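This note sets out a few points for a colleague who is new to the structure below. Please read them alongside the sequence and the coordinates.

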Amino acid sequence: MAGGAPFPIPTGSVLALAAILFCIGLYGALTKRNLIIVLVSIELMLNAANINLVAFSKLSDKPSLNGQIFSLFTITVAAAEIAVGLALLLAIFRLRKTSEVKDLDVHKW
Amino acid sequence: MSGPLIAFYVISLCILGCAVLMLSFRKVIYMALAIGGVFVGCAAIYLLLGAEFVGVAQILIYAGAITILMMFAIMLTNHEATEPPFQWNARNVASAVGCILLGILILLVIRSTPWPQPDTSVDVNGGNSNPVAIGMALFKQYAIPFELVSLLLIVALVGAVILAQHRKEDE
């Protein structure tokens, strides 16, 4: 089935890299206090998903372009998300003079 | 050990190092710089996996636009903000334990799954260069999702402008 020389990078290593990156991003999103850093951590998790998509577009037994195109869509959605998120952050900062997660507890009960 | 494999491990080390640095820095602006390193490293991984167009788009959008946007946001808000050092409170410890457990679980699953041998004889680009092949697929097979994404982008752009503009009643 596998013609030609085997691809030198093992599939498991790429997936392990993405998994560790995802966990680092998750930890950052759960513990960091600054809103910008929480957004950055979410971007890290999206990046980990992108690595998986690109890896499977190359390293599956039926390679195709679909993974790369999906990752392009993910990058676009991430850009839109970060633009709206930072605009919200600016609006919050103007209203409350803070950019920390712990100060945004108006709806807490 | 072949060249691409060594390159892969070096780049992975750089990515994970930058990500851990991002978690350990105290100043928010240094964190945004460290995240730029992670994005560039991911672009290098994409190039290594033969996805040239996605790699260059990653550099343009993430390392170029998003990191600079973060810098702008940090400068416009509280640019001397610092994170407190790690405290042993319940939330931090629970988050760390949960993330480590999730990571170990995923790594064990990856290790125990028999991955198929990659078929290197197939040219995913179908004889064209990578950007040409992606353009063909985007405008033929994925034309409707492409248009929807452009709609999403314009909505996000207008929404961001409306959210961030000054309003009279704020003052």
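1. R33(A) has a relative accessibility of 24% and therefore counts as partly exposed (buried means under 20% relative accessible area, exposed over 50%, partly exposed in between; 1.4 Å probe, protein chains only). K102(A), at 49%, is partly exposed, whereas E100(A), at 16%, counts as buried.

2. The model is predicted: local features need pLDDT of at least 70, side-chain atom pairs count only at pLDDT 80 or more, and totals for chains, interfaces and linings use all residues. Residues are numbered from 1 along each chain as its sequence is written, chains are lettered from A and ligands numbered from 1 in the order in which they are written, and side-chain values use heavy atoms, with hydrogens and water left out.

3. Over all chains, the whole structure contains two salt bridges (a side-chain nitrogen of Lys or Arg within 4 Å of a carboxyl oxygen of Asp or Glu). E100(A) pairs with R33(A), with the closest N and O atoms 3.1 Å apart. E100(A) lies in the segment after helix 3 (66-96) of chain A and R33(A) in the loop between helix 1 (11-31) and helix 2 of chain A, so this pair ties together parts 67 residues apart in sequence.

4. E100(A) also forms a salt bridge with K102(A), where the closest N and O atoms are 3.6 Å apart.

Terms used. Helix = DSSP H or I, 4+ residues; strand = E, 2+ residues; numbered from the N terminus.
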